[in-house]
Amino acid sequence: MLEDRTTAAPSPTAWPAAYPQGYAVVDVETTGLARDDRIISAAVYRLDARGEVEDHWYTLVNPERDPGPVWIHGLTSDVLESAPLFQDIAEEFSNRLDGRVLVAHNAVFDWQMIAREYARAEREAPVRQRLCTIALSKELALPLPNHKLESLAAHFGVVQQRAHHALDDARVLAEAFRPSLRAAAADSVRLPLQECRPLTEWRDTAAPRVGQQAGGYGGYSGGYRPTSWRPSRKRPACPHPNPGRYEDGKRLKQGMRVAFSGDTSIERDLLEDRAIEAGLHVATSLSRLTSLLVTNDPDSGTSKVVKARQYGTPVVDEAAFGQLLRDVEPASEH
């Protein structure tokens, strides 16, 4: 495990009183994106109320299973086998998070992975709120070509040295978050804080242990491929009738048909899984029956975006869709 302390630089004097008193900028690398995947490394940059770095911390974590897409994160079974288990670093991790707002790029993913690890360890993460830097960049109307971390970093002139390395990703995000936070404070922007609800119980399914790689691509039997972290599978049929189009300012309703277009910061499979779990119908194409199109580039010329314009289909971005998924209206009973 690695730790370092950094001397804070002076910050602007005017500051919204309602803003949080401290932040924990977090990045975790994982064995994949499914609910049964595990954390294999974690990094935390602690920031003060105005976004100045207080210290940072990094650790590897033994996931007790195959490491997944090594070609992405670079962490092999041999490297992870001697790493501490999550329950061994949970207390130190908690010390880093305690009393702070968790900040991450696509924060719902990092939070869910962290919450699941704590539940497995029969503990609870001391986090009550999170802040997604994708949502914050939308609030600030930053002129980004997409919502990838590299684009946010480039906008603020932050140089990324090791993409998909938890410590460097957390450093990059911390350096990009500070000017974002200051811009928000200067305009008294309300921060897009979300509640973190911890898991209280967990049941693991069987997964290959570290060192037990057998078959499959690169020795992994779980079906990972360089172009997709998850095996393709047939989606279940939506049990709810289509209630019609989404209306701006209202809630999504179970049964609504949702289509996705273009790049997303979170893997498409995971986004679709969340939509299905919420009771929505994920459509592979766009028609007059589509309730909503989710895209981060509404000005692109993709066939779905073009059809959405023709049909007048409502369009929201990924961050807004994530907010809507938190409160989906139940289907009407017939």
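# Briefing: cores, sheet and aromatic pairs

In the protein chain, residues 24 or more positions apart account for 69% of the contacts (heavy atoms within 4.5 Å) with a separation of 6 or more. The model is a predicted one, in which local features need pLDDT of at least 70 and side-chain atom pairs count only at pLDDT 80 or more, while totals for chains, interfaces and linings use all residues. Residues are numbered from 1 along each chain as its sequence is written, and side-chain values use heavy atoms, with hydrogens and water left out. The protein chain holds 10 helices and 11 strands, which are DSSP runs numbered from the N terminus (helices H or I, at least four residues; strands E, at least two). Of its 334 residues, 51% are buried, where buried means under 20% relative accessible area, exposed over 50% and partly exposed in between, with a 1.4 Å probe and protein chains only.

**Nonpolar cores**

- A nonpolar core is here a set of buried Ala, Val, Leu, Ile, Met, Phe, Trp, Tyr and Cys residues joined through side-chain atoms within 4.5 Å, and in the largest one, of 50 residues, Val26, Phe86, Phe93, Ile114, Leu252, Leu280 and Phe321 touch the most other members.
- Helix α4 (residues 107–120) gives the most to this core, contributing 7 residues.
- A second, separate core has 33 residues, among them Leu144, Leu149, Ala184 and Leu191.
- Leaving aside residues up to four places away in sequence, Val26 touches partners that include Phe93, Leu97, Asp110, Ile114 and Leu173.

- An open sheet of 4 strands runs in the order β9-β8-β10-β11 with parallel pairing, strands being paired if DSSP finds at least two bridges between them.
- β9 (281–282) and β11 stand at the edges with a single partner strand each, so one side of each has no neighbour in the sheet.
- β8 and β10 pair in the parallel sense over 4 bridges, and Phe260 stands opposite Val294 in β10.
- Helix α9 (residues 303–311) lies across β8, β10 and β11 at about 140° to β10, and α10 lies across β8, β10 and β11 at about 125° to β10; axes are lines fitted to C-alpha atoms, for helices over the stretch in contact, and angles run from 0 to 180 degrees between N-to-C directions.
- In α10 (residues 318–325) the buried residues are Glu318, Ala319, Phe321, Leu324 and Leu325, and their cover includes α5 (133–139), β8 (257–261), α8 (268–277), β10 (292–295) and β11 (315–316).
- Thr313, in the loop between α9 and β11, is buried with a relative accessible area of 6%, and its contacts beyond four places in sequence include Arg245, Leu286, Leu293 and Ala308.

**Aromatic pairs**

- Rings of Phe, Tyr and Trp (its six-membered ring) pair if their centres lie within 6.5 Å, with planes under 30 degrees apart counted as stacked, over 60 as edge-to-face and the rest as tilted; by this rule the count comes to 7 aromatic pairs.
- Trp57 and Phe93 form a tilted pair, 5.6 Å centre to centre with 40° between the planes, and since Trp57 lies in strand β4 (residues 53–60) and Phe93 in helix α3 (residues 86–97), the pair ties together parts 36 residues apart in sequence.
- Phe86 and Phe93 have ring centres 6.1 Å apart and planes at 65°, so this pair is edge-to-face, and both residues are buried.
- One aromatic cluster is formed by Trp57, Phe86, Phe93 and Tyr118.
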